[in-house]
Amino acid sequence: MSAGVRERPNSNLLSALRDPDFTLIEPYLVKETRITGDLLYRPGDNIAQVYFPLGPSLVSYLVTNFDGRDVETVMVGREGAVGGIVSSGYLPAYCRITVKFGGPFLRATVSCIQAAKDQSASFRRLFARYADCLMAQMFQSSACNAIHSIEQRTAKWIVASMDRTGEDVVPLTHEELASLLGVGRSYASRVLQKFKADGVLNTSRGALIVKDRDELVARACHCHSSVRAHFDTVLQGVYPDRE
């Protein structure tokens, strides 16, 4: 690491930047702590800040349907960023973007990120490649919601969460899981009770405790591994791995 560059934050995306590129934004990064449920953007908001989840922090992109239910389309952890990744200028948010698992974040203005892109082609390429990976995740999520069972999607979501946080305890209620999957609470509860009866996980108040990760992976669809494979091709080493 070049002289003058401090130890990188726990962000896989920022760690992938070359030292000269990281120095372009390092002075403008602001660290803050966000709690679970914090609203980063609502539909129509002007996106002026880019947020980088650190460590176990997670963000959800949620699309609200006419019946009031929210369905998650994308989960973002330390592999990525939330906000104006590619475009510049007026950027209205399309969906609600909320903090799913609270923790540390870094943020910078969109104008700061854009200035770094203007100064460095390698900085610009890295963020363009990340945007491609984020789009691939959205495509896969759309296909997953259409063709895979609730049990497969539940297992996939829990595995993806574990990989990003590095923890076997997932802070998630039955109601929250049902909302993320776009199903009724009773349906989500039945799936979790089956997992519990089979020894895959336990439930406690407000959390899921994974007991058999290998079995959970076996029950999940392949969407998570497909997204990981694309990340590894486009941005090798950026997609989260269990620590």
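Which residue is the bridge partner of E32 in β7? The bridge partner is F105. This briefing covers a predicted model, in which local features need pLDDT of at least 70, side-chain atom pairs count only at pLDDT 80 or more, and totals for chains, interfaces and linings use all residues. Residues are numbered from 1 along each chain as its sequence is written, and side-chain values use heavy atoms, with hydrogens and water left out. Helices (H or I, at least four residues) and strands (E, at least two) are DSSP runs, numbered from the N terminus.

**The three-stranded sheet**

- Three strands make an open sheet in the order β1-β7-β3, with antiparallel pairing; two strands pair if DSSP finds at least two bridges between them.
- β1 (30-34) and β3 (49-53) are the edge strands, each with a single partner strand, so one side of each has no neighbour in the sheet.
- On average, neighbouring strands of this sheet are turned by 35 degrees against each other, direction ignored. Axes are lines fitted to C-alpha atoms, for helices over the stretch in contact, and angles run from 0 to 180 degrees between N-to-C directions.
- Five bridges link β1 with strand β7 (residues 103-109) in the antiparallel sense, and T33 stands opposite P104 in β7.
- Helix α3 (residues 110-119) packs on the sheet and touches β3 and β7; contact means heavy atoms within 4.5 Å. The direction of α3 makes about 65 degrees with that of β7.
- β3 and β7 run antiparallel and are joined by five bridges. Y51 stands opposite R107 in β7.

**The four-stranded sheet**

- Another open sheet has four strands in the order β2-β6-β4-β5, again with antiparallel pairing.
- β2 (39-41) and β5 are at its edges with a single partner strand each, so one side of each is left without a neighbour in the sheet.
- Neighbouring strands of this sheet are turned by 35 degrees against each other on average, direction ignored.
- β2 is joined to strand β6 (residues 96-101) by two bridges, and the two run antiparallel. L39 stands opposite T98 in β6.
- α4 packs on this sheet, touching β4 (58-64) and β5, and its direction makes about 145 degrees with that of β5.
- α5 also packs on the sheet, where it touches β4, β5 and β6; the direction of α5 makes about 35 degrees with that of β5.

**The hairpin**

- Strand β9 (residues 201-204) and strand β10 (residues 207-210) run antiparallel and are joined by four bridges.
- T203 stands opposite L208 in β10.
- β9 and β10 form a hairpin with two residues between them, and G206 in the turn has a positive phi of about 80 degrees.

**Aromatic pairs**

- Six aromatic pairs are found in a search of the whole structure. Rings of Phe, Tyr and Trp (its six-membered ring) pair if their centres lie within 6.5 Å; planes under 30 degrees apart count as stacked, over 60 as edge-to-face and the rest as tilted.
- The ring centres of Y41 and Y51 are 6.1 Å apart and the planes are at 70 degrees, so this pair is edge-to-face.
- Y41 lies in strand β2 and Y51 in strand β3, so the pair ties together parts that are ten residues apart in sequence.

**Cavity**

- A search of the whole structure finds one cavity of 30 Å³ or more. On a 1 Å grid over the protein atoms alone, a cavity is a set of points where a 1.4 Å probe fits but cannot get out, and a pocket is an open set with protein on both sides within 12 Å along at least five of seven lines; lining residues have an atom within 4 Å of a point.
- The largest cavity has a volume of about 280 Å³. Grid points are joined across faces, edges and corners, and a volume is the space filled by probe spheres set on the points.
- Of the 20 residues lining the largest cavity, E72, T73, Q137, S141 and K156 are the closest to its centre.
- β5 (70-76), α4 (121-147), α5 (150-165), α6 (174-181) and α9 (223-234) are the elements that give two or more residues to this lining.

**Second largest pocket**

- The second largest pocket holds about 180 Å³ of space.
- Its lining includes T36, G37, D70 and E176.
- β6 gives the largest share of this lining, four residues.
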